[in-house]
Amino acid sequence: MALLEILTLPDARLKQVSEPVTQFDDTLRAFVADLEETRRSGPAAVGIAAPQVGHFIRVVIIDCSVTRKPVPNHGHLILVNPEITHWEGYEAGREGCLSVPDYTGNVIRATRIRLMAKDPHGELLELDMEGYEARAAQHEIDHLDGMLFVDRVVSRRTDLFQRKVYQ
Amino acid sequence: MNDPWHMLTLIGEDKPGIVAAVTQALFELGLNLGETSMLRLGGNFTIMMMVSGGGDEQALRARLEPVVETQGLSLHVDPIRAHLHEHVVPTVRVTVRGADRAGIVAQVSAVLAEAGFNILDLESDVAGTEQQPVYIMQIAGVASVPVDEIERALAPLREEGVEVSVSTIETYIG
């Protein structure tokens, strides 16, 4: 296992679109182990995406089981070639990023999503996510498409937090 | 890098071009910007900006005189310590809404202070109409006590017709 170097802004490689994984082999699983070790070494990182460590393949890890206030979650997830197939609702929430040190901002994300992915052995996963976990998946999948949360930050003066009340 | 830092406060009647004129002047003077807040309050444009370089308070004031003059601004300068790259992430959001009346901010912030709540960001606005003004306030900060305790402390305000909501901010890092 090895700690991998995290790319940070303004590294142009963070804008690169990652390629789908085709080989579900030991090389992939060894990389996933390194990625996980890197995630855990970061300051309070809930998720991480392969391109953040300069590997431009469609792999992300999220683990929403350790929030201060428990949220609905599927535990520790390794998602290979993840794809969101369904979106519902939207809400604002605060995000930060290992690749954007010392900055957090509000981002609008879908409240509920359905997601298809493979695990590191190529088995199909189909997950319904909501809230914080749905946010995590959307943030990480953005990395695979060369997007950072700073590309989506909304003004703090837009009163989006109250919209939920009217739904 | 070791230039002293100052907080500039610039206020004037709002019109297009203030930010461009001020930041251009700062750039030409070789000053660096730190964190800033620039926004319109009522019909006024307000700027608070951290700057480094440009000499001491007096020198800064003298050098900024032309742009202050042409833009019709008033300028205030304070020496500060920068503390950049030390952002504190808020953990709790408090939203307050109610018929505009004297003392809402004082009441809410007194309760929060009592609960050891550190306000990082407070923005308030007067919405509605002149006949029926509505006060809206959003506060983000760091609480040293659980959210329900803050909720309980603010509950009496509800009986006075003020809508108060308290929620946890769970910042996603990934």
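R39(A) is buried, for its relative accessible area is 4%, and this value, like the others here, comes from a predicted model. The partner of R39(A) in a salt bridge is D63(A), with 4.0 Å between the closest N and O atoms, and D63(A) is buried as well, at a relative accessible area of 9%. The two residues belong to distant parts of the chain, since R39(A) sits in helix 1 of chain A and D63(A) in strand 2 of chain A, 24 residues apart. Side chains of opposite charge can pair when their charged atoms come close.

To see where this pair sits, turn to the sheet of chain A, an open one in which 5 strands follow the order 1-2-3-6-7 with antiparallel pairing. At its edges are strand 1 (47–49) and strand 7 (124–130) of chain A, each of which pairs on one side only. Within the sheet, strand 2 of chain A is joined to strand 3 of chain A by 5 bridges, and V60(A) stands opposite L79(A) of strand 3. Helix 1 of chain A lies across strand 1, strand 2 and strand 3 of chain A, at about 45° to strand 2, while helix 2 of chain A also packs on the sheet, its direction making about 160° with that of strand 2 of chain A.

A further salt bridge joins D142(A) to R109(A), whose closest N and O atoms are 2.9 Å apart. Because D142(A) lies in helix 2 of chain A and R109(A) in strand 5 of chain A, this pair ties together parts that are 33 residues apart in sequence. Both D142(A) and R109(A) are buried, and they belong to a network of salt bridges that also links E95(A), R135(A) and R152(A).

How values were computed: Residues numbered from 1 in each chain as written. Chains lettered and ligands numbered in written order. Predicted model: local features only at pLDDT ≥ 70, side-chain atom pairs only at ≥ 80, totals over all residues. Heavy atoms only, no water. Pairing = 2+ DSSP bridges. Helix = DSSP H or I, 4+ residues; strand = E, 2+ residues; numbered from the N terminus. Contact = heavy atoms within 4.5 Å. Axes fitted to C-alpha atoms, helices over the stretch in contact; angles between N-to-C directions. Salt bridge = Lys/Arg side-chain N within 4 Å of Asp/Glu carboxyl O. Buried < 20%, exposed > 50% of the residue type's maximum accessible area, 1.4 Å probe, protein only.
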